[in-house]
Amino acid sequence: MSWVTKTLSSTIGRKLIMSLTGLFLILFLIGHVSGNMLLFKDDGGEAFNIYAHFMTTNPAVKILSYLTYISIIGHVIWSIWLTKTNKAARPIGYGQSTPPSTSVASRNMGILGTIVLIFLVVHMKTFWYEMHWGGIPFVNYAGGEFKDLYTVVLFAFQNEFMVIGYVIAMAFLAFHLSHGFSSAFQTLGLNHRKYSPAIHTIGILFSILVPVLFASMPVYIYFTQS
Amino acid sequence: MKLTLKIWRQKNASDKGGFVTYPIDGISTDMSFLEMMDVLNEELSAKDEDPVHFDHDCREGICGMCSLYINGHPHGPKQTTTCQLHMRSFSDGDTITIEPWRAAAFPVVKDLVVDRASFDRIIQAGGYVSVNTGGVPDANEIPIPKRIADEAFDSATCIGCGACVAACKNASAMLFTSAKISQLAMLPQGQVERMTRAEKMVAQMDAEGFGACTNTGACEAECPKGISLTNIARMNREYFSASVKSENV
């Protein structure tokens, strides 16, 4: 084994992969939520559709999107690998186990992550797949012909089950992030009395703000369009 | 005090084992937890039954030999060692569940006794400094800032009892290993073997079959010596920098 594979297959190295992919996905969330704020613009979806067109055609964005796919897949595979190791480390459990004073999110990252993954599959089928390969209507703006993803979004969020599902999924994402954000820095070895309290606070604020903004989109569309 | 004890009994490493319930009476609140266990064992011996085996040594909270997972907490409800836990922490009529540490790397030897030699092997892999023995060195010969000395000492207070492993949902030994790496990484004496130490101790920790850390903080909350999670972050830094910089390919 080379020193690289040796390092990355150690428990700490595998945690490093979890941390780096997780942090990249946090960056992705910032980009994703910022762009999607265009859904709130009252222009019949023009800005949103032009943005969606840019996001699917720009070569730089293309590279970022592949990095995102790799991060998601890597984050999932490495978490399964680590979970297998962790389960094997305690083959016989305790008869009486009282949860100690640790956060619910930190103890259930696997379950929270699995729910977020299921959401992600549904979400990508609904929008990402439709945008790339689905039979999507076109609209004409000054710049030419654009795929009308905005209408697809409006249509999807007329369904109350979809809206409720999205809001619930965002709650799970919030819990996942509430531990994941600061945990990623701890794994990188970034723990210091000067900046760790700030990382923790920013992590909590981030884990509330981003999912709330995401969840507000289907709710807003549902109540303004029906 | 009158208590009901639910104790894990297991004849040997290959036995399946199970809980056995023992009622016990006449326990003073001033007794230590292990003295209460002694009372039980005297009763069992008088009845010609096999006494409950458990680890203990100094009974002063400094050796790290006692263990016991009591009512869902390593070393019981207080942040101390089992030997320093007193019966006043319990109430009359309580049922107390007593189990061994649970980890693949800590196999049960008998009853509540587990084999913690995996910790010894982690130390053997690099948790030392190689020095020539000779005359006693002068005090303060190597200047070390007070803050660094204190911090290294905080890490060195780890008694290697294994409560971190017992508390961790992944049976991870990272708090222990990181404390042992930290105490030497911060001091001048530890610099010579600093990189190989981090690499070898982590490799041994993995080879022993301990889990990985999920940063829940259960270990820190249960550690009788209050070893902090900052040690784990330091170990990660030491390990990453050793991986990149050391001459071992």
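**Reading the two-chain model, with a focus on chain B**

Trainee: Among contacts in chain B between residues at least 6 apart in sequence, what percentage join residues at least 24 apart?

Mentor: This is a predicted model, in which local features need pLDDT of at least 70 and side-chain atom pairs count only at pLDDT 80 or more, while totals for chains, interfaces and linings use all residues. Residues are numbered from 1 along each chain as its sequence is written, and chains are lettered from A and ligands numbered from 1 in the order in which they are written. Two residues are in contact if their C-beta atoms, placed from the backbone, lie within 7 Å. For chain B, the share of such contacts that join residues at least 24 apart is 69%.

Trainee: What percentage of the residues of chain B count as buried?

Mentor: Chain B has eight helices and seven strands, where helices (H or I, at least four residues) and strands (E, at least two) are DSSP runs numbered from the N terminus. A residue is buried if 20 or more other C-beta atoms, placed from the backbone, lie within 10 Å of its own, exposed if 12 or fewer, and partly exposed in between. Of the 249 residues of chain B, the part that counts as buried is 47%.

Trainee: In which order do the five strands of the open sheet in chain B lie?

Mentor: Strands pair if DSSP finds at least two bridges between them, and strand 1 (residues 3-9) of chain B runs parallel to strand 5 (residues 95-99) of chain B over four bridges, with Ile7(B) opposite Ile98(B). The pairing in the open sheet of chain B is mixed, and its order is 2-1-5-3-4.

Trainee: How are helix 6 and helix 8 of chain B oriented, roughly parallel or roughly perpendicular?

Mentor: Helix 6 (residues 194-207) and helix 8 (residues 230-245) of chain B pack at about 110 degrees with their axes 8 Å apart, the axes being lines fitted to C-alpha atoms over the stretch in contact and the angles running from 0 to 180 degrees between N-to-C directions. Angles under 35 degrees count as roughly parallel, over 145 as roughly antiparallel, 65 to 115 as roughly perpendicular and the rest as oblique. Helix 6 of chain B is therefore, relative to helix 8 of chain B, roughly perpendicular.

Trainee: How are helix 5 and helix 6 of chain B oriented to each other, roughly parallel or roughly antiparallel?

Mentor: Helix 5 (residues 174-185) of chain B packs on helix 6 of chain B at an angle of about 170 degrees, and their axes are 10 Å apart. The two helices of chain B are therefore roughly antiparallel.

Trainee: Which element of chain B gives the most residues to the side that touches chain A?

Mentor: In total, 40 residues of chain B are in contact with 34 residues of chain A. The elements of chain B that give two or more residues to this side are strand 5, helix 6, helix 7 (218-222) and helix 8. The one that gives the most, with eight residues, is helix 8 of chain B.

Trainee: How far apart are the C-alpha centres of domain 1 and domain 2 of chain B?

Mentor: The domain assignment gives domain 1 (3-110) and domain 2 (117-245) in chain B, with bounds that come from an automatic or database domain assignment. Across their boundary, 18 residues of domain 1 of chain B are in contact with 15 residues of domain 2 of chain B. The distance between the C-alpha centres of these two domains of chain B is 29 Å.
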